Amino acid sequence: MTPAREGDGVRALIVDDSKPIRSIVARVLRDLRFDCAEAANGAEALTALEAGPRPDLITVNWHMPVMDGIELVRRIRGTPSLRRLKVLMVSTEGDADRVATAIAAGADDFLTKPVNTPELVARVRSLVKLRKARLEVFQQRDALQKELADRKRIEQELELARDQAISANRTKSA
């Protein structure tokens with residue numbers, strides 16, 4: 001059996017109006033064993049997100065026709081079922097104001113074009129690790145909530161049994 005590799009089972013959506021850029025990013029992510037889908041603008045991306053399957057990570061170009069990356073990120077963050085999606089904003093303009101605007105809109109990270117492959121890989125790995133850690137936290141929270149509910153149920157059952165035993169003893173004594 002072959003051991004699992006880092007991207008096994010991770011889905012990515014690459015959103016960029018430039019087919020060559022989408023191809024480069026997809027090749028890099030596929031080399032990491034990610035399953036990749038592509039969209040040419042924000043509207044196509046929203047359609048893909050609604051149709052499913054949902055990606056774990058989305059790379060979003062800032063400047064695109066139809067719907068730009070900032071609007072797409074805002075809509076993702078405004079949709080409860082998509083809020084946990086990790087977003088990497090990509091732009092030719094990487095000044096501090098651009099980065100701050102992207103982060104404020106809801107991007108998790110920012111990458112400047114032209115895409116530097118080692119930097120892309122590092123940022124994607126970081127976002128995937130964060131996503132996995134967050135999922136683990138939610139799973140642990142769910143398990144703790146279930147355990148707490150079970151304990152409360154058991155305490156109620158014990159309290160009922162105690163009350164019944166006290167009542168039975170009083171009946172015997174009378």
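Trainee: Which residues of α2 meet which residues of α3?

Mentor: In this predicted model, G42, A45, L46 and L49 are the α2 side of the contact, and L72, R75 and I76 are the α3 side.

Trainee: What makes α2 and α3 roughly parallel?

Mentor: Their axes cross at roughly 25 degrees and come within 9 Å. Angles under 35 degrees count as roughly parallel, so α2 and α3 get that label. The crossing is right-handed, too.

Trainee: And why are α3 and α4 called roughly parallel?

Mentor: α3 and helix α4 (residues 96–105) pack at about 25 degrees, with axes 8 Å apart. Given the cut-off of under 35 degrees, α3 and α4 are therefore roughly parallel. I70, V73, R74 and R77 of α3 make that contact with T101, A102 and A105 of α4.

Trainee: On to the strands. How do you know that β3 is largely enclosed by the rest of the structure?

Mentor: Buried means under 20% relative accessible area, and five of the five residues of β3 (residues 57–61) are buried, so the strand is largely enclosed. Look at both faces: L57, T59 and N61 are buried on one side, I58 and V60 on the other. In a regular strand, side chains alternate between the two faces of the sheet.

Trainee: What makes β3 a partner of β1 and of β4?

Mentor: Two strands pair if there are at least two bridges between them. β1 (residues 11–15) and β3 have four bridges, in the parallel sense, with A12 bridged to L57. β3 and β4 (residues 86–91) also run parallel, joined by five bridges, and T59 stands opposite L88 there. The chain gets from β3 to β4 through α3, in a right-handed β-α-β crossover.

Trainee: What is the phi of R33, and of V66?

Mentor: Near 75 degrees for R33 and near 70 degrees for V66. Both values are positive in a residue other than glycine, whereas most such residues have a negative phi. R33 sits in the loop between α1 and β2, V66 in the loop between β3 and α3.

Trainee: Which residues does a cis peptide bond join?

Mentor: One joins G52 and P53, with omega about -5 degrees; P53 lies in the loop between α2 and β3. Another joins K113 and P114, with omega about 0 degrees.

Notes: Residues numbered from 1 in each chain as written. Predicted model: local features only at pLDDT ≥ 70, side-chain atom pairs only at ≥ 80, totals over all residues. Heavy atoms only, no water. Buried < 20%, exposed > 50% of the residue type's maximum accessible area, 1.4 Å probe, protein only. Helix = DSSP H or I, 4+ residues; strand = E, 2+ residues; numbered from the N terminus. Right-handed = clockwise from strand over helix to strand, strands pointing away. Axes fitted to C-alpha atoms, helices over the stretch in contact; angles between N-to-C directions. Parallel < 35°, antiparallel > 145°, perpendicular 65-115°, else oblique. Left-handed = near helix turned anticlockwise from the far one by under 90°. Contact = heavy atoms within 4.5 Å.
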